[in-house]
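Work through the exercises below with the model open in your viewer. Try each task before you read its solution.

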Protein chains: 2
Amino acid sequence: MLKKTSLKDIAKKVGVSTAVVSSVLNGIGKGKGIRVSTERAKKIRQIAEELNYKPNEIARSLKKGSTKTIGLIVADISNPFFGYLARCIENEALKFGYIVIIGSSDEEINKSDLLIENFLNRQVDGLIIAPSEGTIEQVRNLYQNKIPLVLVDRFFPELSTNYVVLNNYQATFNATSHLIKNGFRRIAIVAYKLSLIHMKDRIRGYLDAMKSYNLSDNISVMEINPKNSKAEITNACMDLFIKNKNIDAIIFTTNLLSVQGLYCITENKIRIPEDLGFIGFDGGDCFNLFNPPLTYVKQPIEEMANEAVKIIMNCVNNAKSSKISQIILDSKLIIRSLSG
Amino acid sequence: MLKKTSLKDIAKKVGVSTAVVSSVLNGIGKGKGIRVSTERAKKIRQIAEELNYKPNEIARSLKKGSTKTIGLIVADISNPFFGYLARCIENEALKFGYIVIIGSSDEEINKSDLLIENFLNRQVDGLIIAPSEGTIEQVRNLYQNKIPLVLVDRFFPELSTNYVVLNNYQATFNATSHLIKNGFRRIAIVAYKLSLIHMKDRIRGYLDAMKSYNLSDNISVMEINPKNSKAEITNACMDLFIKNKNIDAIIFTTNLLSVQGLYCITENKIRIPEDLGFIGFDGGDCFNLFNPPLTYVKQPIEEMANEAVKIIMNCVNNAKSSKISQIILDSKLIIRSLSG
DNA sequence: TTTGTATAGTTAAACGTTTAATCATATATT
DNA sequence: AATATATGATTAAACGTTTAACTATACAAA
């Protein structure tokens, strides 16, 4: 890599101190900064151009104590939900001149810890985290150290942090109600076995809907170990569909679960909706291309990203005064005539 | 954000200079670095622990001239191909202690330019780029400035840079041959209208296969403007399938094109393979869940990521001697009994 | 003439590291 | 006794910025 030109190089060539060069190139207006004659300023800008000067953001960061970088930790960036969320956050942050560095925790406490530490050591100005199960202490620590922070997708009710999440309760309550209104009665729900509130709420929404329609006896919750491989998820669904035939509709509470469920449904030639009512999560081409197209819970991902960035920018800029923001966004049930 | 403890804080507390603290905490072994008595070292480590010292990587980067960061520029991180590629690169880079910052160019020259500049200003140690059409000058510039660089997915034959790409010619040659061997004759191919070599090669593979089976008269290439919306892609496919019925099989040359093609196929109730032979690109759940499961060209994404990281690490570490690496990986045709 | 103030800069420290050069003392070797 | 070597440190500069504090000159006003 060739040596880059620095302020010093320009200063030497023009015959001034680095201070004026810095001041000029930062475009400091009247009244503020160092005074420079217009011709000097012009000369400086010209030489900077000639030498192809580009500020070293690392040096700048060190001096200013701000890296214009935010760290994003998701479960897995190759998961379409997080991929799109990351993309939206990237876009929105760029509008503020911020760059985002992304890490995938794979829902592992250790990886999450390492990523947080790594990002912090790199002096990110703030963190956006979809926290994994068991990371409450990590998050509490960040909060206590007053690191600008916003949780997305999941949060800890015990902690009064910023967060932007789905109204998970409403999502499955509506989904379940929709199935019931369409004549389904023996409705099951498939979720991850997680203590995280978003999962608990999705289950709770289902339970309350079933109860409110006097279908308590038909409640059937299947909680799947998140460490299970995709194949194992499919097997678990098999139990539900094949061995335990006492079910006429099913709700999946994440995209991955939905898709793995579809594998099982397809393999066993189960027809939707004749044999089974179906509601999935998050949509995707699979759902649209399925025969018939599938009903699903659509999350407002762009909005989630935009709110998260807005909050973190607020934390970063008005470090002192910023109040806690806890935002709960509504999902939308995308209803396909033939399923659900 | 609370004030973080620095080397100076530890030095003051222990009563030594920052130099020894730095030396101790960097775990410099016998013979190298500063000599410190074992008890002093122990004390330093203990106080560092107590004060919860974490090195400021920004300061370190400035001093060492290396940020342990690589920049990755893809077309769109929310595209599953690039999402998974990014994930693999992230994983692999982390093994070397590197972090990756990702940017999406949206195939736009300007965005690509901005991202490159931004990443360079942030002093990334190297760049991995899936270059967009029209960015050859940007890439040439990087090369001339001796920025550690490796292209992925696409490359410029005019430029002798490092790259890791698919054997695109072989991919579509094999796909086309497979269709022909299965009795299809009037095979069309759908590609993006791009001057980029990877697209040209995918078309060339198809053309050569058709010619080598004496099917030159049946050649039908549809080049779609990449700026077109998804809906427009579907419309374009419509032309091919409906208006121009003179086709019995189709090859799509990217995942997005494949999926949009499937929308058209589904909407028009075209049956695969009775009405149309089908070969798509990159796979995905859609392909597996389709009825029938679809044949597709599988790219070795992990391998692509690993090779790219290996090369960039080599550039970064042996800055002087590193020879140019140009790696061409074979695809695999995933054959489903019923399609293609 | 002195004072005030506007203009056009310079100096030097600081951000938190790393590291080459130097220094002081104790012990071992000739 | 003089010299060499090992041990255990310190000092100071450097990475490339930013910025508060200061200086110097010119001109106008009192």
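Predicted model: local features only at pLDDT ≥ 70, side-chain atom pairs only at ≥ 80, totals over all residues.

**Exercise 1. The contact between chains A and B**

Task: Find how many residues each chain gives to the contact, and which element of chain A gives the most.

Solution: 
- Step 1. Count by chain. Chain A contributes 41 residues and chain B contributes 41 residues.
- Step 2. List the elements on the side of chain A. Those with two or more residues there are α4 (57-64), α5 (80-95), β2 (99-104), α6 (109-121), α11 (255-267) and α12 (285-289).
- Step 3. Pick the top contributor. α5(A) gives the most, with six residues.
- Step 4. Sort by class. This side of chain A has 21 nonpolar, twelve polar and eight charged residues.

**Exercise 2. Two helix pairs in chain A**

Task: Classify the crossing of α1(A) with α3(A) and that of α5(A) with α13(A), and name the residues that meet.

Solution, α1(A) with α3(A):
- Step 1. Take the geometry. The axes of α1 (residues 7-14) and α3 (residues 38-50) of chain A come within 10 Å and cross at roughly 125°.
- Step 2. Assign the hand. This crossing of α1(A) and α3(A) is right-handed.
- Step 3. Name the partners. Ile10(A), Lys13(A) and Val14(A) of α1(A) meet Lys43(A), Ile44(A), Ile47(A) and Ala48(A) of α3(A). Five of these residues are nonpolar, none is polar and two are charged.

Solution, α5(A) with α13(A):
- Step 1. Take the geometry. The axes of α5(A) and α13(A) (residues 301-317) come within 8 Å and cross at roughly 45°.
- Step 2. Classify. That makes α5(A) oblique to α13(A).
- Step 3. Assign the hand. The crossing of α5(A) and α13(A) is right-handed.
- Step 4. Name the partners. α5(A) brings Tyr84(A), Leu85(A), Cys88(A), Ile89(A), Glu92(A) and Ala93(A). α13(A) brings Ile301(A), Glu302(A), Met304(A), Ala305(A), Asn306(A), Ala308(A) and Val309(A).
- Step 5. Sort by class. The contact of α5(A) with α13(A) has ten nonpolar, one polar and two charged residues.

**Exercise 3. Surfaces near the DNA strands**

Task: For DNA strands C and D, find the closest residues and the helix with the largest share of each surface.

Solution, strand C:
- Step 1. Count. 27 residues surround DNA strand C. The closest are Ser17(A), Ala19(A), Ser37(A), Ala19(B) and Ser22(B).
- Step 2. Find the main helix. α4(B) supplies the largest share of this surface near DNA strand C, five residues.
- Step 3. Sort by class. The surface near DNA strand C has twelve nonpolar, eight polar and seven charged residues.

Solution, strand D:
- Step 1. Count. 27 residues lie around DNA strand D. Ala19(A), Ser22(A), Ala19(B), Arg35(B) and Ser37(B) come nearest.
- Step 2. Find the main helix. α4(A) gives the largest share of the surface near DNA strand D, five residues.

Terms used: Residues numbered from 1 in each chain as written. Chains lettered and ligands numbered in written order. Axes fitted to C-alpha atoms, helices over the stretch in contact; angles between N-to-C directions. Helix = DSSP H or I, 4+ residues; strand = E, 2+ residues; numbered from the N terminus. Parallel < 35°, antiparallel > 145°, perpendicular 65-115°, else oblique. Left-handed = near helix turned anticlockwise from the far one by under 90°. Contact = placed C-beta atoms within 7 Å. Nonpolar A, V, L, I, M, F, W, Y, C, P; charged D, E, K, R; others polar. Near = placed C-beta within 6 Å.
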